[in-house]
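Please open the structure in your viewer and keep the sequence beside it. We will go from one selection to the next, and at each stop you will read what is there.

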Protein chains: 2
Amino acid sequence: MRQGLPPSSGSSPTLEDVARAAGVSRATVSRVINGIRNVDPAIQETVRRAIAATGYVPNRAARSLVTRRTGTVALVVSGAGGGSQDDPFPSQVFTDPFFGRVAGGIVGFLRPRGIHPVLMFAETAETRAQVLTYLRQGDADGALLVSTHAEDPLPALLAEAKLPAVLFARPARAIPISYVDVDHRAGAKLAADHLVAQGRRRIATISGPLDVPASQARLAGFQDAMAAHGHPYIPCAEGGFTYHSGEAAMERLLAEHPDLDGVFVANDLMAQGALLVLRHHGRAVPGDVAVVGFDDSSAATACRPPLTTVRHPVEDMAAEMARLLLEHIDQPGRPPTSVIFEPALVVRASA
Amino acid sequence: MRQGLPPSSGSSPTLEDVARAAGVSRATVSRVINGIRNVDPAIQETVRRAIAATGYVPNRAARSLVTRRTGTVALVVSGAGGGSQDDPFPSQVFTDPFFGRVAGGIVGFLRPRGIHPVLMFAETAETRAQVLTYLRQGDADGALLVSTHAEDPLPALLAEAKLPAVLFARPARAIPISYVDVDHRAGAKLAADHLVAQGRRRIATISGPLDVPASQARLAGFQDAMAAHGHPYIPCAEGGFTYHSGEAAMERLLAEHPDLDGVFVANDLMAQGALLVLRHHGRAVPGDVAVVGFDDSSAATACRPPLTTVRHPVEDMAAEMARLLLEHIDQPGRPPTSVIFEPALVVRASA
DNA sequence: GTGAAAGCGCTAACAT
DNA sequence: ATGTTAGCGCTTTCAC
């Protein structure tokens, strides 16, 4: 072995060190690192070796100072909980297993590319302004946004400021901004077809909050599909995507339609609540009542019985969101794009 | 005197612009911004006005380049799920509502200070190395670490590298590193005292995974407290902190001790599972069996009946974790510190 | 194809 | 108490 004393000192090696080790100029090393053509293959090899030998890693700050790019994106959870001034702690949002899946999908895509998201919550006007400032200053190159309710003003603000951004789910009002979403109507149709195929005839549904586009689409898709099966009217109780709201909605449905034999619930969390209420009222699932959920979240397998549900490919969608954002960052002019994913039915015991 | 036209161009204003507007040098503006003494109050005022007028905001990259500080910390979720090479998506971890509370507490503390955590997962040797590199390069000034299992090697690696870091929960093996934790023994004692005060006499417990210090402490604390009440032996079934493991453990307990009338479950998620099994076996809660959980998580109120539980002040602990980290970053020499929080009993319907 | 040199915006000696 | 100046490590014209 040889001496190889790495550039010694306490500080980490710089371009200069690598250049010296390779016997070339800083510029050449920089070119190799940034994959710019016009570098002699032989020299390229020498430089690569020198990089390995010195253990060189580019300094972000220095690079960022000149390129005006940070190589960082913001992951913004917006429209989170209460958000009163006196509550120092943001976000019950995170509590929803859904968010974890989004984060996982995003990190799964970004990490191999050496980029790590900065986590931000934006539940008040003040914190939304903070997010905008952060992006405008160029502390991050763009934003991935997960809104928790329909009236979130952040998407519009982002679009207005022409900042690179991608949303999870279509915004309630049309806004020129990119997003990924799942085909909610198609998912609801899968549920409808399955319930009918199981021989169910007195079918009802528990919807999500109807000011959210996703809820509207799931409900409309379900109604349309059922109509096509000869069921023009479907009893519906509106929920709020929470466990408790699912219980309450199921109680209402049961009170008005004690003879129902199938129910499509707009998400798994509510379905979990519905299941408990059904059991409480002595209805066997799926014997007396078949239940189909939506999301294929962890709740689906935690249920008793395990839930037949519509799979929402959240991780893939989140990864695509990240991909789209990088695209927008690379090509600032690019018009907004949306990518819609196909759901799939996952059959378990509940229907 | 003045040009009137705000720094004009498309780019954002720099120190230079502010200096010109205020009629002073860059250095003076810098001093005002960084709150360094020895600046004439009158000039300070002028400068502040100029800053406001120009809408100046410091450039992170430039500052970071010279200070060797990023004003960024990493939030690392370590020892996450499967982590096989072929699974591109990290972390089922996030799925646990617990993590959301930690993130909320951290952001609550950091955000007012203008700092936002970078989210990282570290479930494999490779990703752990990535975290270390990230910190060593100075892309973040320190790390906040939430480990999900006992054998996580990252805390030791961090300590070895002498990187500023704070853990949530005491590490399984003693390591010279700072952490925050709750007094698990005291919490378990609260549960024991309460069950005994309710007149329960045939009491059992469901513990967490016994390789985790927190589980050991909760179990030992419970046993000791019960011993003090004259119950030297307490039946115990080990769980894994998951819903399903709670169900399984409760089944085992019931099989061996069908006459039990009280149970302390080491976390709410398992308690939720236990509750379901008890109901399934026809035991009324709290009529036949009293149940006390641990954490006061969202699961506690989602249960039927709502869970009496030991409150784990997760958000406060997370905030303290962030505070400690900033302290370590400011004073590199500082020896590791640990801060232990007191739990409290929250009485609801289950016991 | 490669090197020299000019900054990016800021802080921190060092002068004054 | 304030101004001058020298970089921090990198990319990027511009010559060669």
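The tour below visits a pair of helices, then a sheet, and then some aromatic rings.

This is a predicted model, in which local features need pLDDT of at least 70 and side-chain atom pairs count only at pLDDT 80 or more, while totals for chains, interfaces and linings use all residues. Residues are numbered from 1 along each chain as its sequence is written, chains are lettered from A and ligands numbered from 1 in the order in which they are written, and side-chain values use heavy atoms, with hydrogens and water left out.

**Two helices**

Select residues 15–22 of chain A, which are helix α1, and then residues 26–33, which are helix α2: the two pack at an angle of about 105°, with their axes 8 Å apart. Helices (H or I, at least four residues) and strands (E, at least two) are DSSP runs, numbered from the N terminus, and axes are lines fitted to C-alpha atoms, for helices over the stretch in contact, with angles running from 0 to 180 degrees between N-to-C directions. The helices α1(A) and α2(A) are therefore roughly perpendicular to each other, a term for angles of 65 to 115 degrees. Now show the side chains in contact (heavy atoms within 4.5 Å), which are A:Leu15, A:Glu16, A:Val18 and A:Ala19 on α1(A), and A:Arg26, A:Val29, A:Ser30 and A:Ile33 on α2(A).

**The sheet**

Next, select the open sheet of chain A, in which 6 strands follow the order β7-β6-β8-β9-β10-β12 with mixed pairing; two strands pair if DSSP finds at least two bridges between them. At the edges stand β7 (236–238) and β12 (344–346) of chain A, each with a single partner strand, so one side of each has no neighbour in the sheet.

**Aromatic rings**

Which form of pair do A:Phe264 and A:Phe294 make? Select both and you will find a tilted pair, 6.3 Å centre to centre with 55° between the planes; rings of Phe, Tyr and Trp (its six-membered ring) pair if their centres lie within 6.5 Å, and planes under 30 degrees apart count as stacked, over 60 as edge-to-face and the rest as tilted. A:Phe264 lies in strand β8 and A:Phe294 in strand β9 of chain A, so the pair ties together parts that are 30 residues apart in sequence.

Technical notes. Angles under 35 degrees count as roughly parallel, over 145 as roughly antiparallel, 65 to 115 as roughly perpendicular and the rest as oblique.
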